[in-house]
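My entries follow in the order I made them.

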Amino acid sequence: DSPEDLVMDMLGETFFQGHPLANPISSSADIVGAYEAGDVRAYYRRRYLPANMVISVAGNFEPALLMDEVKRRFEGYVPGQPARRELSPGPCDGGRRVVLRDREFEQTHICLGFRGCPSATAEVYPVMVLNNILGGSMSSRLFQKVREAEGLVYSVYSFPSFFKQTGVFGVYAACKHANVARAMEIIAREIRGVGRGEIDEEEFCRAKEQLKGNYALSQDSVSSHMNAMGKNLLLHDRVIGEEETMEKINAVTLEDVRACAARILDPAYLAAAGVGRIAQAEQMKGILLD
């Protein structure tokens, strides 16, 4: 019943076809309904072990008292090495696939997926600058040209998703069905332009400074510090500090972003999903893949 969530799930299913990332986080009623209590307990015993755990703490606390409390609370946990399943990345390349669903929603919701990059690669930082240029902020191309200048969409944005072995770069838009063709024409035009490297120095610098500013503001939150430390330890086995992050953003060049855009925004690896009043499926596929 949530079209934005639904179209994101549909994109994941078609973009990551054949890979576990294609499965929706919420699973399905049939699968969840078949679980027994023993299945949940067995999963817990396999995964919730000290060797597979990070405890991340930020704020005003006494380290010695904290450690005493952690030891007291977790001393009953059985040590051991959890079973790890190494996943093959699979195709994860979009494959020019389209999935459509006709639903009586007020708007048509569209999501495009392009090749991304894994979370531990150096390309993460150019991708984040690219995202700010294309659709990651209110000053981005898609927001300004499709929503503000043309008034064709209720919402439009781009987003990178980084996973351990792969990634996806997405573009989302929601609009009246009558506006789909024109909105997609402008979105495609902007994607093609950025993919060809049509990014000037001023635009690049603005996006880069915006990224740095957003990151700096996020560091004012204690919970952000806690989450960042835990996530870094789980994914990268170390904490990536504020200074290192700023250095990596500063090191991104315009040529880095152009090279990143050329690889990521290649339409040969595009996948697309649409949900709403989609009366003519073949015409819709043509709009999404042209």
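Accessible areas here come from the Shrake-Rupley method with a 1.4 Å probe, and for residues only the protein chains shown count as cover. On that basis I read about 16400 Å² of accessible surface for the protein chain, of which 53% belongs to carbon and sulfur atoms.

I noted that this is a predicted model, in which local features need pLDDT of at least 70 and side-chain atom pairs count only at pLDDT 80 or more, while totals for chains, interfaces and linings use all residues. Residues are numbered from 1 along each chain as its sequence is written, and side-chain values use heavy atoms, with hydrogens and water left out.

**Overall.** I looked up the secondary structure and found twelve helices and five strands, taken as DSSP runs numbered from the N terminus (helices H or I, at least four residues; strands E, at least two). The C-alpha trace spans about 60 × 50 × 30 Å along its principal axes. Of the 290 residues in the protein chain, 38% are buried (under 20% relative accessible area; exposed is over 50%, partly exposed in between, with a 1.4 Å probe and protein chains only).

**Cores.** I took a nonpolar core as a set of buried Ala, Val, Leu, Ile, Met, Phe, Trp, Tyr and Cys residues joined through side-chain atoms within 4.5 Å. The largest has 43 residues, and Leu112 and Ile187 touch the most other members. Elements that each supply at least two residues of this core include β2 (108-115), α6 and α11 (254-264). A second, separate core of 16 residues includes Ala22, Cys111, Phe159 and Val168.

**Helix α6.** In residues 141-149 I found Arg141, Leu142, Phe143 and Val146 buried. The buried residues of α6 pack against α5 (124-134), β3 (155-162), β4 (167-175), α7 (180-195) and α8 (201-218).

**Lys208.** I placed Lys208 in helix α8. Lys208 is buried but has no salt bridge (a side-chain nitrogen of Lys or Arg within 4 Å of a carboxyl oxygen of Asp or Glu). The nearest side chain of opposite charge is Glu209, 6.3 Å away; Lys and Arg count as positive, Asp and Glu as negative, and His and the chain ends are not counted. I then listed contacts (heavy atoms within 4.5 Å): leaving out residues up to four places away in sequence, Lys208 touches Val129, Ile249, Asn250, Ala251 and Val252.

**Val32.** I found Val32 in helix α2 (residues 29-33). Val32 counts as partly exposed because its relative accessibility is 43%.
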